[in-house]
Amino acid sequence: MEFASYHLWSQFEPALGWEDTHCQMQRGWRWTQTARSDDSHSVPFTETIWQKVGKLAQQGVYEFHRDPLLLKHPRGCERVADRLYLYYEVAVVRDRVMQILRQYQADPWLRDRQIVLLNRGDEPIPPPIEVCINEDNFYLYAAFDCIVRSVEREFVAQNRQQIEIIDFKTGIADPDLRQADVYLLAGKYLYPDFDVVASFYNLETMTSSELITATPERLDDIAHKLATIAKLHQQQLQAYQLDPTSFDRLFPPHPGTHCRACNFNYHCTYSAA
Ligand code: SF4
C-alpha cells in the first residue's frame, strides 16, 4: 500500500520560507537508491551538526528518565554524557549538548508529567497506521519523541483526558507546523478516546510552543493531502523503475548554495557545490 509521513511531505514540498533551498532531486536520490542495481550509487547519510545535537539532546533526556536518580546526582550530566559517548563528539556538539543536559537537569519539566511514551530517537520505525479517507487508503508512518497524558481542568467534569504529543527541537529555526499536523492525524487513530494536541519543545531555548489542535475537517484535509502525496510518490517511483532515464524529469534538480549541505552532491551532476 502507498505510504506517507511527515518526512515525505517535507521532501515533496518546502516549509514556508524554505522554497529557495528545496530540491525535488534529493527525494529522487533518497528513494530510488534501493531500486538502483549499481551499489556504487549508494550514498551514506552524513549528519549535520544541528541534527547531531538534536539527536543527542533527545537521547540525554531519555537517559535522565531511564535512570531518574541522575536528575539529582551532582555528576548526573557527566554520567549521561558518558552514556552518549559525548566526549568523542566535536567540541561544538559536545558543548551544546552538555549545556542542554545541564539545563534539563536544573529544570526537568517532564518529571511531573504523566509520560506515556519517551523515545530515545534511534528506535526502529514504528508500525504504520492505516488511514482511510474516502476511497484512498494509505499507511501513515509517525515516530513520536514524547507523549504525555493529562486531565485538563476544564475536562474533569466530563472525565475527558488529553494526550499531548511533544516533538523535541534544538536550534533557532521555527518548527514546521506540518509535523504537528501529521502527529494530530496519527493521534486520532492511535488515541480515539482522547483529546489529542501537539506541541514543540525546544530543549536548547527551553521554550514550548502553544498547544496545537485540529478540527475534524482539518484532519480530513491533512489526510487528503497525505493521500495525494503517497499516490504521486509511488507513481513516480514506478515510472523511474520502468524508465531509469526519466530520473531528472521525475525529480527535477534545483541547485544552489544548499547543494553544499546535500548528501548527494558528490554524485549529482547538477550540484552547485
Ligand atoms: S546536489 Fe543540489 S541539485 Fe543535486 S540533488 Fe543535491 S540539492 Fe539537488
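The structure is a predicted model, in which local features need pLDDT of at least 70, side-chain atom pairs count only at pLDDT 80 or more, and totals for chains, interfaces and linings use all residues. Residues are numbered from 1 along each chain as its sequence is written.

The ligand is surrounded by 15 residues, where a residue is near a molecule if its C-beta atom, placed from the backbone, lies within 6 Å of it. The closest are Cys23, Cys259, Cys262, Cys268 and Ser271. By type, the shell holds 10 nonpolar residues, five polar and no charged; here Ala, Val, Leu, Ile, Met, Phe, Trp, Tyr, Cys and Pro count as nonpolar, Asp, Glu, Lys and Arg as charged, and the others, Gly among them, as polar.

Strand S6 (residues 162–169) is largely enclosed by the rest of the structure, because six of its eight residues are buried (20 or more other C-beta atoms within 10 Å of a residue's own, C-beta atoms being placed from the backbone). Strands are DSSP runs of E with at least two residues, and helices are runs of H or I with at least four, numbered from the N terminus. S6 pairs with strand S5 (residues 146–150) in the antiparallel sense over five bridges; two strands pair if DSSP finds at least two bridges between them. Cys146 has Ile166 of S6 as its bridge partner.

Turning to the helix residue, Ala81 lies in helix H4 (residues 76–83). Ala81 counts as buried because it has 20 C-beta neighbours inside 10 Å.

Conventions: A residue is buried if 20 or more other C-beta atoms lie within 10 Å of its own, exposed if 12 or fewer, and partly exposed in between; C-beta atoms are placed from the backbone.
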